[in-house]
Amino acid sequence: MRIISGSARGRKLREPQGLDTRPTTDKVKESLFNIIQFELEGRRVLDLFAGTGQLGLEALSRGAEHCTFVDQRREAAALVKENVKLCRFEDRARVVQGDALTFLRSCGERFDVIFLDPPYKTDLLEQCIEKIAGFDILREYGIIVCESGLEWTIPTLTPPYEPGREYRYGQIKLTLCHRAGSVKQ
């Protein structure tokens with residue numbers, strides 16, 4: 001696992017032991033960042049279910065202003081902290097060890113890009129999207145990037161949230177959601 005592009009390009013990240021974390025493959029990660037490459041410069045990012053932190057770290061490497069990493073598992077949060085330090089992004093990163101839904105309820109900040117990559121065989125993706133929209137923590141014109149298995153379908157979204165394109169890579173699907181801007185009256 002490595003950083004593909006940007007200021008930390010080529011930096012090897014520490015990987016987890018065991019099977020509790022399913023890192024995004026380099027092929028999917030490269031495709032994902034090709035899709036959102038113009039959405040990162042100077043933006044605030046949330047990497048929910050961070051695992052190793054590779055998605056948020058790639059965003060920071062490509063010019064994101066700040067990234068908040070959240071993972072429930074103590075080992076994963078410690079690994080993210082190590083990887084943040086390896087990439088020298090300590091001044092632009094915050095690592096939270098805690099439950100994703102609890103974090104969304106109490107975060108009190110807004111983000112431009114949110115990465116959602118929970119365990120596939122749970123309903124956490126739907127719950128997180130509902131909480132993000134309900135608490136309205138995505139800034140205008142922001143993007144939610146969902147990684148899932150092929151069978152997952154996006155729940156019904158209410159304005160200003162709307163579904164975007166889907167991309168398939170073998171057994172993995174990336175789904176984008178957007179937040180529209182305010183409607184002037």
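**Figure 1. Arg110, a partly exposed residue, and its partner Asp136.** In this predicted model, Arg110 is partly exposed, its relative accessible area being 33%. Its side chain forms a salt bridge with Asp136, with the closest N and O atoms 3.4 Å apart.

**Figure 2. The salt bridge between Lys29 and Glu58**. The side chains of Lys29 and Glu58 meet at 3.8 Å, N to O. This pair links distant parts of the chain, since Lys29 lies in helix α1 and Glu58 in helix α2 (residues 54–61), 29 residues apart. Lys29 has a relative accessibility of 0% and therefore counts as buried, the cut-off being under 20%. Glu58 is also buried, with a relative accessible area of 0%.

**Figure 3. The salt bridge between Arg14 and Glu82**. The closest N and O atoms of Arg14 and Glu82 are 2.9 Å apart. Distant parts of the chain are linked here: Arg14 is in the segment before α1 (26–35), whereas Glu82 is in helix α3 (residues 74–87), 68 residues apart. Arg14 counts as partly exposed at 44% relative accessibility, and Glu82 is partly exposed with a relative accessible area of 39%.

**Figure 4. A network of salt bridges**. Four residues, Arg44, Glu65, Arg94 and Glu109, are linked in this network. The structure as a whole holds 12 salt bridges.

How values were computed
Residues are numbered from 1 along each chain as its sequence is written. This is a predicted model: local features need pLDDT of at least 70, side-chain atom pairs count only at pLDDT 80 or more; totals for chains, interfaces and linings use all residues. Side-chain values use heavy atoms; hydrogens and water are left out. Helices (H or I, at least four residues) and strands (E, at least two) are DSSP runs, numbered from the N terminus. Buried means under 20% relative accessible area, exposed over 50%, partly exposed in between (1.4 Å probe, protein chains only).
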